[in-house]
Amino acid sequence: MEEHFNENYIESTKYPKAIFKGKIENFDASKLTDTPQKYIINGTLEIHSKTKNITSIAMIKKQEILSI
């Protein structure tokens, strides 16, 4: 199914990249907690040299990063 989608619709061999550029509204990293908070992301998505405005919701929380 994925191969069919890539070959016939996305044409990933001809257009191998999709680009998203956006911002998280009212984001302040110093206010993040262990509890997920809802944020709105606004930006543009470019596929096949066509650009579309995108708005999405993300749940973001603070998480400890473990070093190796």
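Let me start with the strands: strand 1, residues 19–24, and strand 2, residues 37–47, run antiparallel and are joined by six bridges. Strands here are DSSP runs of E with at least two residues, numbered from the N terminus, and two strands pair if DSSP finds at least two bridges between them.

A note on the model before I go on. It is a predicted one, where local features need pLDDT of at least 70, side-chain atom pairs count only at pLDDT 80 or more, and totals for chains, interfaces and linings use all residues. Residues are numbered from 1 along each chain as its sequence is written, and side-chain values use heavy atoms, with hydrogens and water left out.

Lys23 has Asn42 of strand 2 opposite it.

Now the other pairing. Strand 2 also pairs with strand 3, residues 50–60, in the antiparallel sense, over eleven bridges. Ile40 has Ile57 in strand 3 as its bridge partner. These two strands form a hairpin with two residues between them. His48 sits in that turn and has a positive phi of about 60°.

That brings me to backbone angles. Most residues other than glycine have a negative phi. Ser49, in the loop between strand 2 and strand 3, is not a glycine, yet its phi is positive, about 65°. Asn26 is not a glycine either, and its phi is positive at about 55°. Where is Asn26? In the loop between strand 1 and strand 2.

Last, exposure, which means over 50% relative accessible area, against under 20% for buried and partly exposed in between, with a 1.4 Å probe and protein chains only. Asn26 is exposed at 73%, and Ser49 is exposed at 62%.

Technical notes: Helix = DSSP H or I, 4+ residues; strand = E, 2+ residues; numbered from the N terminus.
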